[in-house]
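Please look over the chain shown below. This report covers its salt bridges, then one of its helices.

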Amino acid sequence: ARAEDITPFEVISLMFDGALERVEQAKLSLDKGDENEAGILLGKIVGIINGLRESLDLEKGGDIAVNLMELYDYMIARLSEAEVDTGQDILEETGGLLADLKESWAGVGEHAA
(Lines give C-alpha, C1' and ligand atoms only; values in the text may rest on other atoms or scores of the structure.)
Protein backbone atom coordinates (compact mmCIF):
# COMPACT_ATOMS: atom_id res chain seq x y z
CA ALA A 1 0.00 0.00 0.00
CA ARG A 2 2.86 2.37 0.78
CA ALA A 3 4.48 1.77 -2.63
CA GLU A 4 2.13 4.25 -4.25
CA ASP A 5 3.16 7.01 -1.83
CA ILE A 6 6.93 6.53 -1.94
CA THR A 7 8.91 9.45 -3.29
CA PRO A 8 11.91 9.19 -5.61
CA PHE A 9 14.03 10.45 -2.71
CA GLU A 10 12.82 7.54 -0.56
CA VAL A 11 13.50 5.04 -3.37
CA ILE A 12 17.15 6.11 -3.50
CA SER A 13 17.36 5.94 0.31
CA LEU A 14 16.00 2.38 0.22
CA MET A 15 18.52 1.45 -2.46
CA PHE A 16 21.37 2.67 -0.25
CA ASP A 17 19.93 0.68 2.66
CA GLY A 18 19.63 -2.44 0.51
CA ALA A 19 23.18 -2.14 -0.83
CA LEU A 20 24.61 -1.65 2.66
CA GLU A 21 22.65 -4.63 3.96
CA ARG A 22 23.99 -6.81 1.12
CA VAL A 23 27.54 -5.62 1.87
CA GLU A 24 27.20 -6.84 5.46
CA GLN A 25 25.67 -10.13 4.33
CA ALA A 26 28.48 -10.68 1.82
CA LYS A 27 31.10 -10.02 4.50
CA LEU A 28 29.44 -12.61 6.74
CA SER A 29 29.32 -15.11 3.88
CA LEU A 30 33.04 -14.65 3.26
CA ASP A 31 33.72 -15.09 6.97
CA LYS A 32 31.86 -18.40 6.84
CA GLY A 33 33.76 -19.45 3.72
CA ASP A 34 30.59 -19.48 1.62
CA GLU A 35 32.08 -18.10 -1.59
CA ASN A 36 29.00 -19.01 -3.63
CA GLU A 37 26.65 -16.96 -1.43
CA ALA A 38 29.16 -14.10 -1.31
CA GLY A 39 29.29 -14.10 -5.11
CA ILE A 40 25.51 -13.93 -5.34
CA LEU A 41 25.46 -11.03 -2.89
CA LEU A 42 28.22 -9.21 -4.75
CA GLY A 43 26.06 -9.47 -7.87
CA LYS A 44 23.13 -7.99 -5.97
CA ILE A 45 25.27 -5.10 -4.71
CA VAL A 46 26.42 -4.39 -8.26
CA GLY A 47 22.79 -4.49 -9.41
CA ILE A 48 21.76 -1.93 -6.80
CA ILE A 49 24.71 0.32 -7.62
CA ASN A 50 23.75 0.07 -11.30
CA GLY A 51 20.24 1.15 -10.31
CA LEU A 52 21.66 4.15 -8.46
CA ARG A 53 23.83 4.92 -11.48
CA GLU A 54 20.88 4.72 -13.86
CA SER A 55 18.87 7.09 -11.66
CA LEU A 56 21.34 9.91 -12.32
CA ASP A 57 20.25 12.74 -14.58
CA LEU A 58 23.53 13.87 -16.12
CA GLU A 59 21.90 16.80 -17.88
CA LYS A 60 20.28 18.29 -14.79
CA GLY A 61 22.79 16.99 -12.27
CA GLY A 62 25.86 18.51 -13.88
CA ASP A 63 29.24 17.86 -12.30
CA ILE A 64 27.73 16.22 -9.22
CA ALA A 65 25.95 13.61 -11.33
CA VAL A 66 29.08 12.99 -13.41
CA ASN A 67 31.17 12.55 -10.24
CA LEU A 68 28.60 10.16 -8.79
CA MET A 69 28.58 8.14 -12.01
CA GLU A 70 32.35 7.85 -11.86
CA LEU A 71 32.18 6.80 -8.19
CA TYR A 72 29.52 4.17 -8.96
CA ASP A 73 31.65 2.89 -11.86
CA TYR A 74 34.64 2.68 -9.52
CA MET A 75 32.67 0.69 -6.93
CA ILE A 76 31.41 -1.71 -9.59
CA ALA A 77 34.94 -2.21 -10.91
CA ARG A 78 36.27 -2.84 -7.41
CA LEU A 79 33.52 -5.34 -6.61
CA SER A 80 34.23 -7.21 -9.84
CA GLU A 81 37.85 -7.59 -8.67
CA ALA A 82 36.84 -9.15 -5.34
CA GLU A 83 38.41 -12.52 -4.68
CA VAL A 84 38.32 -14.65 -1.56
CA ASP A 85 41.48 -13.03 -0.21
CA THR A 86 40.54 -9.44 -1.16
CA GLY A 87 36.78 -9.56 -0.73
CA GLN A 88 36.62 -8.27 2.83
CA ASP A 89 38.78 -5.23 2.05
CA ILE A 90 36.81 -4.39 -1.08
CA LEU A 91 33.51 -4.80 0.74
CA GLU A 92 34.77 -2.54 3.56
CA GLU A 93 35.78 0.11 1.03
CA THR A 94 32.53 -0.12 -0.92
CA GLY A 95 30.44 -0.15 2.25
CA GLY A 96 32.22 2.96 3.50
CA LEU A 97 31.62 4.79 0.24
CA LEU A 98 27.96 3.79 0.21
CA ALA A 99 27.53 4.82 3.85
CA ASP A 100 29.03 8.24 3.09
CA LEU A 101 26.73 8.66 0.10
CA LYS A 102 23.71 7.59 2.14
CA GLU A 103 24.56 10.15 4.83
CA SER A 104 24.97 12.87 2.20
CA TRP A 105 21.69 11.85 0.59
CA ALA A 106 19.94 12.11 3.96
CA GLY A 107 21.36 15.61 4.31
CA VAL A 108 19.85 16.53 0.96
CA GLY A 109 16.48 15.34 2.20
CA GLU A 110 16.74 17.34 5.40
CA HIS A 111 17.71 20.44 3.41
CA ALA A 112 14.81 19.95 0.98
CA ALA A 113 12.34 19.54 3.85
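## A bridge between α1 and α4

Lys27 forms a salt bridge with Glu92. The closest N and O atoms are 2.5 Å apart. This pair links distant parts of the chain: Lys27 sits in helix α1 (residues 8-32), Glu92 in helix α4 (residues 87-112). The two residues are 65 residues apart. The model is predicted, and every value here is computed from it.

How exposed is each partner? Lys27 has 11% relative accessibility. The cut-off for buried is under 20%, so Lys27 counts as buried. Glu92 has 45% relative accessibility and counts as partly exposed.

## A bridge between α3 and α2

Asp73 forms a salt bridge with Arg53. Here the closest N and O atoms are 2.5 Å apart. This pair also links distant parts of the chain. Asp73 lies in helix α3 (residues 58-81) and Arg53 in helix α2, 20 residues apart.

Both partners have intermediate accessibility values. Asp73 has a relative accessible area of 32%, so it is partly exposed. Arg53 is partly exposed too, with a relative accessible area of 25%.

Which residues do salt bridges with shared partners join into one network? They are Glu24, Lys27 and Glu92. Lys27 and Glu92 are the pair that links helix α1 to helix α4.

## Neighbours in sequence and the total

Glu21 forms a salt bridge with Arg22. Their closest N and O atoms are 3.9 Å apart. The cut-off for a salt bridge is within 4 Å. Glu21 is partly exposed, at 43% relative accessibility. Arg22 is partly exposed as well, at 23%.

How many salt bridges are there by this rule? The count comes to seven. Among them are Glu21 with Arg22, Lys27 with Glu92 and Asp73 with Arg53.

Helix α2 spans residues 35-54, which is 20 residues. From its first C-alpha to its last, α2 reaches 28 Å. That is close to the 28 Å expected at 1.5 Å a residue.

Which residues of α2 are buried? They are Ala38, Leu41, Leu42, Ile45, Ile48, Ile49 and Leu52. Seen down the axis of α2, these buried residues fall within an arc of 125°, so they line one face of the helix. On the other side of α2, Asn36 and Glu54 are exposed. Arg53, also in helix α2, is partly exposed and forms the salt bridge with Asp73.

Definitions and conventions
Residues numbered from 1 in each chain as written. Predicted model: local features only at pLDDT ≥ 70, side-chain atom pairs only at ≥ 80, totals over all residues. Heavy atoms only, no water. Helix = DSSP H or I, 4+ residues; strand = E, 2+ residues; numbered from the N terminus. Expected span 1.5 Å × (residues − 1). Buried < 20%, exposed > 50% of the residue type's maximum accessible area, 1.4 Å probe, protein only. Arc of directions from axis to C-beta. Salt bridge = Lys/Arg side-chain N within 4 Å of Asp/Glu carboxyl O.
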